[in-house]
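Here's a quick briefing to read with the model open.

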Amino acid sequence: MTTKKRTLRITPLLLAGAITLATAPAAAEIRAVWSSRFGWPGTSAGASQTNINTLFNNMVAGKFNTVFFQIRGQCDVFYPSPYEPWSPIITSPDGVNPGWDPLQYAISAAHSRNLKLHAYFNTHTIWQGNAPSPTSYPDHIYYQHGNINDPDHRDWMIHDAAGVPALDGEYIWMNPGIPAADAHVRREAVYIVSNYDVDGLHFDRCRMPQPGYGKNPIAVARWDNPATPLANDGPGNPQRLGWDDFMRDCVTRQMVNIAGQCWLANREVVMSAAPLGLRKQSDYPGYPSGYQYGYNRAQDAIAWMHLGALDFVVPQIYWSNTDAGLPDFNHVYNGWLTQANATGRALVPGSNISKGLTEVHTHVTYQRANGGAGHTIWHGHAAGVNLSTWDDAGKPYEGPASPVQDFPWRDTEGVITGHVFEDPAGTTPAVDAWITRNGSTWTALSSG
């Protein structure tokens, strides 16, 4: 870990006489916007770049300071990666290099405006829809590891509770608990922080599509060893967890592994994630049934923060405070704040702009008055969204621009990371080697 130099600041005595007091600076907070991969791409490089510039100009005018800019959605990307193909959203025909680097362009455009750019990155989605339409992607993870029509090439695909490859209509999902898939996703994240001047990585879709899913044969073999009489004693299950807890542990370990290896490459990159708005059903007794709870879908962002893999969490609290019979933003926010404070990490709630500006503005002021580190809106390209008005009189960002929230634990915490090999020559990375250290009860697992 790099040690930062400390500078002693000596403040001179003020001389007597008339002085003019400057406007007090705004308190540090994150003022963020999600920029979806479906929002900024245009029909050409010029149109795409115009969309990016328009968004960033409006953000500056409204005194926002952070953009979560999506550059990976479904195992294809918006930058020249050696490991994954170009997104069909930005290429024509599919898979052809568009001749420019959207990620680099966005970074330069953001930094020239003093905006922070966090690369927005889906972790567990292979393809949107039940089957891909392009056929020009033989190297896409779908064709290699997620093709439901090809039993020899679907080993990373999500399986349901009965062990059957599963579709959910929205995405083809990557199965938690597959070390090779974990290593692939991690490699892509490390490539970004090693080659681009991003200010952070922002993760989404870090979960399963349905409760109880995940019984892929590879994951099941890591969970339990059928050759022994003991329960839940597989090589990837040092805590001997039950199935649902094991799936959550797999996603948590992936987030820890990504953070560890990324910080090995670039210690300054900030980590965040956008979990489902409702974490756990027991956190909200009395809520009607039918809601998605992240905890049931192998998503436990509080554990990610507790283990140090996130600097802040951005739960998708997409409700207002006025809809009868639905969750209230303030109530859900309070539950997250209690949990985040217990981990010593920061909370930056996300609101859906579809709830209306007046309502969403109240979310900003509520979190500001109740321990939040900022606020995020979904999403900057939505029809009718005018970010430039957010600093108008009486609006949340009226007054001076705000510096971004700092994360003091970055000066006091470190990351232990390294490589474990199966052979003395160091050519074959080990999977599920158990690593412990004195003074800790945590058992780390090597993951390829």
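**A loop residue: Asn237**

Asn237 sits in the loop that runs between α5 (217-223) and α6 (243-265); helices here are DSSP runs of H or I with at least four residues, numbered from the N terminus. Bear in mind that this is a predicted model, where local features need pLDDT of at least 70, side-chain atom pairs count only at pLDDT 80 or more, and totals for chains, interfaces and linings use all residues. Residues are numbered from 1 along each chain as its sequence is written, and side-chain values use heavy atoms, with hydrogens and water left out.

- Asn237 is buried, at 1% relative accessible area (buried means under 20%, with a 1.4 Å probe and protein chains only).
- A polar atom of the Asn237 side chain lies 2.9 Å from the backbone nitrogen of Leu241.
- Beyond its neighbours within four places in sequence, Asn237 contacts (heavy atoms within 4.5 Å) Arg222, Trp223, Asn232, Phe246 and Trp434.

**Helix α4**

- With 13 of its 17 residues buried, α4 is largely enclosed by the rest of the structure.

**Nonpolar cores**

- A nonpolar core is a set of buried Ala, Val, Leu, Ile, Met, Phe, Trp, Tyr and Cys residues joined through side-chain atoms within 4.5 Å.
- The largest one has 99 residues, and Phe56, Leu117 and Leu201 touch the most other members.
- α6 gives this core its largest share, 10 residues.
- Leaving out residues up to four places away in sequence, Leu201 touches several residues, including His118, Ile192, Cys262 and Met271.
- Another core, of 14 residues, lies apart from it, with Ala32, Trp34, Phe312 and Val314 among them.

Definitions and conventions. Helices (H or I, at least four residues) and strands (E, at least two) are DSSP runs, numbered from the N terminus. Buried means under 20% relative accessible area, exposed over 50%, partly exposed in between (1.4 Å probe, protein chains only). A polar contact is a pair of N or O atoms within 3.5 Å; within protein, one must be able to donate a hydrogen and the other to accept it, and residues adjacent in sequence count only if both atoms are side-chain atoms.
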